[in-house]
Amino acid sequence: MSPRILVGLDGSDRSSAALRYAAETFPDATLVCFHAIDPFDRDPETDADAPAPLSNAWLEAERERADELFDRALEGLEATPEVVRDTRVGSPAETIVAYADENDVDGIVVGSYGRGGAMKLQLGSVAELVVRRASVPVTVVR
């Protein structure tokens, strides 16, 4: 059975680099493209007309955004690995670690920095927390 490698995607250049790295380094693996939908990472200016967090309409809109994020990230891959797409609602680091524990993931690949927003103030905190808490090997890509 091929290994399962979770790749955390948030739309940043670093997360796209993490996906490219995982595809090149683990060509026989199943890549789990994973996006944590964080209800607390909202920009009041751009999200003013968005549905209320955790409503069905909000969740559907966020899942559509995640699908678009996955499509963009996968477009640039030269190889075409086996890919699984998944999302969960919650804090990114905690959600990534929990998903890996619950779904027989053999390794995690994340970008060293996220896409910004509130997390920009905590530069690299998601990657750091994943490294500290994961029960499987974690690769941080710069």
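Arg20 counts as partly exposed because its relative accessibility is 39%, where partly exposed lies between buried (under 20% relative accessible area) and exposed (over 50%), with a 1.4 Å probe and protein chains only. Arg20 sits in helix H1, residues 13–25. Its C-alpha atom is separated by 8.1 Å from that of Gly76, 56 residues apart along the chain.

The model is predicted: local features need pLDDT of at least 70 and side-chain atom pairs pLDDT 80 or more, while totals for chains, interfaces and linings use all residues. Residues are numbered from 1 along each chain as its sequence is written, and side-chain values use heavy atoms, without hydrogens and water.

Asp67 belongs to helix H2, residues 56–75. Together with Glu60, Glu64 and Glu68, Asp67 forms a patch of negative charge on the surface. Such patches take residues with over 30% relative accessible area and no salt bridge, like charges being joined within 9 Å; a salt bridge is a side-chain nitrogen of Lys or Arg within 4 Å of a carboxyl oxygen of Asp or Glu. Asp and Glu count as negative, with the charge placed at CG of Asp or CD of Glu.

| Residue | Relative accessible area |
|---|---|
| Arg20 | 39%, partly exposed |
| Asp67 | 38%, partly exposed |

The protein chain holds four helices and five strands, in the order β-α-β-α-β-α-β-α-β from the N terminus. Helices (H or I, at least four residues) and strands (E, at least two) are DSSP runs, numbered from the N terminus. Of the 142 residues in the protein chain, 42% are buried.

Definitions and conventions
Patches are made of residues with over 30% relative accessible area and no salt bridge: like charges are joined within 9 Å, nonpolar side chains (Val, Leu, Ile, Met, Phe, Trp, Tyr) within 5 Å. Accessible areas come from the Shrake-Rupley method with a 1.4 Å probe; for residues, only the protein chains shown count as cover.
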